[in-house]
Amino acid sequence: MATQITILGLGRTGASIGLALAQIKDQVRRIGNDREPQIARKAEKMGAVDKIFYSLPSAVSESDVVIMALPVDEIRETMEIIAQDLKPGCVLIDTSPVKESVMQWAKELLPGDDRYFIGMTPSLNPAYLMHSGEGVEDAHSDLFKNSLLLISSLPGVDESALSLATQIAQVMGANPLFSDAVEADGLMASSQLLPRLISAALVN
């Protein structure tokens with residue numbers, strides 16, 4: 001039976017994950033959702049997902065894995081909407097660059113102890129480092145190939161959830177590395193946020 005994976009947010013990151021998962025299309029069913037219907041339709045047309053659901057609860061209710069490829073300011077609201085619709089055993093994966101806060105939201109909002117949260121922090125394939133676009137049209141199946149991908153989890157998470165996240169990372173072509181949330185946030189701050197601040201300061 002195919003594993004159903006829902007991708008929430010079909011910009012560059014979400015659509016690229018969907019395109020990478022096409023390599024194992026016989027093993028997965030890819031569901032997509034985006035706040036912008038035209039973006040969702042474009043992702044479906046380019047083969048990043050198999051089916052679009054415009055309702056968040058409908059998009060996640062039957063899925064084994066839900067991947068949030070969303071801006072940080074949309075994550076908590078989305079989690080509040082979908083939390084009660086995640087089926088037992090579902091693995092919720094967040095790809096945002098902020099891990100400690102999102103992990104606390106997951107601890108607060110996810111029902112019971114049989115829905116599992118995994119933080120996944122992807123970096124880019126070096127071949128795309130000079131590409132600045134963030135839209136669905138900038139998605140590539142190899143966007144994360146040969147890159148480092150940090151995996152973080154809450155204490156006591158089921159080992160099968162970590163194994164599943166690792167398998168997804170490998171399908172994406174990335175090299176998974178386990179870290180805690182604080183370490184992941186520190187690495188992202190030093191490698192992404194600090195250079196941007198320095199660039200802005202130099203321009204000013």
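Reader: How many residues of helix α1 (residues 12-21) are buried?

Author: 9 of the 10, so α1 is largely enclosed by the rest of the structure. Buried means under 20% relative accessible area with a 1.4 Å probe, protein chains only. Keep in mind that this is a predicted model, where local features need pLDDT of at least 70, side-chain atom pairs count only at pLDDT 80 or more, and totals for chains, interfaces and linings use all residues. Residues are numbered from 1 along each chain as its sequence is written, and side-chain values use heavy atoms, with hydrogens and water left out.

Reader: Which ones are buried, and what do they pack against?

Author: R12, G14, A15, S16, I17, G18, L19, A20 and L21. They pack against β1 (3-8), β2 (28-33), β4 (65-68) and α6, with contact meaning heavy atoms within 4.5 Å. Helices (H or I, at least four residues) and strands (E, at least two) are DSSP runs, numbered from the N terminus.

Reader: OK, the sheet. What's the strand order?

Author: β3-β2-β1-β4-β5-β6-β7-β8, an open sheet of 8 strands with mixed pairing. The edge strands, pairing on one side only, are β3 (51-52) and β8. Two strands pair if DSSP finds at least two bridges between them.

Reader: How does β7 join β8, parallel or antiparallel?

Author: Parallel, with 4 bridges between β7 (residues 148-153) and β8 (residues 175-178). L148 has N175 as its bridge partner in β8. From β7 the chain goes through helix α6 (residues 159-171) to β8 in a right-handed β-α-β crossover; that is, with the strands pointing away from the viewer, the path from the first strand over the helix to the second runs clockwise.

Reader: Switching topic: what's the angle between α4 and α5?

Author: Roughly 10°, with the axes of α4 (residues 72-82) and α5 (residues 100-109) coming within 10 Å. Axes are lines fitted to C-alpha atoms, for helices over the stretch in contact, and angles run from 0 to 180 degrees between N-to-C directions. The two helices are therefore roughly parallel, a label for angles under 35 degrees.

Reader: Which residues meet there?

Author: V72, I75, R76, M79 and E80 from α4 meet V102, W105, A106, E108 and L109 from α5.

Reader: And V72, what else does that residue touch?

Author: Besides W105, V72 touches S96, P97 and V98, leaving aside residues up to four places away in sequence. V72 is partly exposed, at 30% relative accessible area, a class that lies between the buried cut-off and exposed, which is over 50%.

Definitions and conventions. Angles under 35 degrees count as roughly parallel, over 145 as roughly antiparallel, 65 to 115 as roughly perpendicular and the rest as oblique.
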